[in-house]
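Work through the exercises below with the sequence and the model side by side. Try each task before reading its solution.

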Amino acid sequence: MKYTKLNFMMSVLGIVIYITDLIVDIWVSVRFFYEGQNVFGILIVSFMFFGTLVVQCFSYSWFKADLKKAGQESQHCFLLLHCLQGGVFTRYWFVLKNGYHVAFKYNSKTDKFMEEQFDPHKEVMDRMTDLSMLRLLEAYLEGCPQLVLQLYTVLEHGQANFTQYAAIMVSCCAISWSTVDYQIALRKSLPDKNLLSGFYPKLTYLFYKLFTLLSWMLSVVLLLFINVKIALFLLLFLWFLWILWAFKKQTQFCASISMEFLYRVIVGFILIFTFFNIKGQNTKYPMFCYYILRVLVTLGILIVFWVCPVSIFNSDYFIPISIAIALALVLGIIFLIVYYGTLHPNRNEETKPDETDGIAAERDCRMKYFLME
């Protein structure tokens, strides 16, 4: 797989979206504190801290693993950079620096001997793959909870300022970009798998994730209006349920026991919001059960919301929000069926494990065990 000029431009776009999302998050938290909404401000900062802390932990552990594999000692500067929350920026620096050389200056003819000993394209693609995994983690650990909170504040007050609208749009873009980028990077990292090529498969996959995610987030927001304790109990129950599922599937992503435990906890949190294949097995039935449960819970929330109307909620939003939830869920499932039925890269390979969102490649490929084995 070659690292092209288009790949380099996508890397530039990725860091632009990452920085924009970071700036907007800080802007929103400051705005909340300025307006006296300290609880919301603290929650935004907490989500940011939780997401970035997990990302830095995984990023540093991967740096250590890569250095150990190369026969080098772990450098303290990498530890310092990650403690200062600079792990992702460090990785982007390596990708842009080496990627620019490979995409614009590297000559495969003149550097043929070097390529036989060392493939610069593969190195840059591997670094891009690591970034895609880290962005996916941050999107669901930080972006999804923040988006739920932002939707809650907008619906609670019945109006929103430019900051809130910008934050919602940037969060949606960041989550959507990281999800699709991960799916593309997944396939590019596995030479024995079909690429997710073409505009329509990517767009269909994006709409499947986006609509099902939006429907669920709006449902959670409605449940928060009904009763915060019930909403938190439901989310914690689902988190615990999916953690048990991850332990039952015996994921093997990390070398150390402690990091593997953390990984399974994080996988459980991500499964609260969307489905991912956490094991290299056929996921037709687990996915079916997952979305049946999603439909039932969403339907239950809508019924309870209409039976027990909330006084603090603007009644003008009753019908539009309910229609939006139902319509987004239906559209999301339709796009899911279309994607896996007609557009999935492995749709004609019935004997192979279902490559829903995971990996199955060489042993030394880190992505092989990310959300899948």
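**Exercise 1: a helix pair**

Task: Find which residues of α11 meet which residues of α12, and describe how the two helices are arranged.

Solution. Start with the contacts, meaning heavy atoms within 4.5 Å. From α11 come Met-287, Tyr-291, Arg-294, Val-295, Thr-298, Leu-302, Phe-305 and Trp-306; in α12 they meet Phe-318, Ile-319, Ser-322, Ile-325, Leu-329, Ile-333, Leu-336 and Tyr-340. The model is predicted: local features need pLDDT of at least 70, side-chain atom pairs count only at pLDDT 80 or more, and totals for chains, interfaces and linings use all residues. Residues are numbered from 1 along each chain as its sequence is written, and side-chain values use heavy atoms, with hydrogens and water left out.

Next, take the geometry. Two packed helices are described by the angle between their axes and the distance between the axes. The axes of α11 (residues 284-307) and α12 (residues 318-343) come within 11 Å and cross at roughly 170°. Therefore α11 is roughly antiparallel to α12 (angles over 145 degrees count as such). Axes here are lines fitted to C-alpha atoms, for helices over the stretch in contact, and angles run from 0 to 180 degrees between N-to-C directions.

Last, look at Phe-276, in the loop between α10 (257-271) and α11. Its C-alpha atom is 8.5 Å from that of Met-287, 11 residues apart along the chain. Phe-276 is buried, at 2% relative accessible area. Buried means under 20%, exposed over 50%, and partly exposed in between (1.4 Å probe, protein chains only).

**Exercise 2: the whole fold**

Task: How many helices and strands does the protein have?

Solution. Count 12 helices and zero strands. Helices (H or I, at least four residues) and strands (E, at least two) are DSSP runs, numbered from the N terminus. Then check burial: 50% of the 373 residues are buried. Now take contacts with a separation of 6 or more: 74% of them join residues 24 or more positions apart.

**Exercise 3: a nonpolar patch**

Task: Which residues make the nonpolar surface patch of about 470 Å²?

Solution. List the members: Ile-19, Leu-22, Ile-23, Ile-26, Val-30 and Phe-89. Patch residues have over 30% relative accessible area and no salt bridge; nonpolar side chains (Val, Leu, Ile, Met, Phe, Trp, Tyr) are joined within 5 Å, like charges within 9 Å. Helix α1 (residues 5-34) gives the most, with five residues. Phe-89 is in α4 (residues 87-105). Phe-89 is partly exposed, at 31%.

**Exercise 4: salt bridges**

Task: Is the pair Glu-260 and Arg-264 buried or exposed? Compare it with Arg-127 and Glu-123.

Solution. A salt bridge is a side-chain nitrogen of Lys or Arg within 4 Å of a carboxyl oxygen of Asp or Glu. The count is five. Glu-260 and Arg-264 form one, with closest N and O atoms 3.5 Å apart. Both lie in α10, four residues apart, about one turn of the helix. Glu-260 is buried at 8%, and Arg-264 is buried at 12%.

Now the second pair. Arg-127 and Glu-123 meet in a salt bridge at 3.4 Å, N to O. They are about one helical turn apart because four residues separate them in α6 (residues 120-157). Arg-127 is partly exposed at 23%, and Glu-123 is partly exposed at 26%.

Notes:
Accessible areas come from the Shrake-Rupley method with a 1.4 Å probe; for residues, only the protein chains shown count as cover. Angles under 35 degrees count as roughly parallel, over 145 as roughly antiparallel, 65 to 115 as roughly perpendicular and the rest as oblique.
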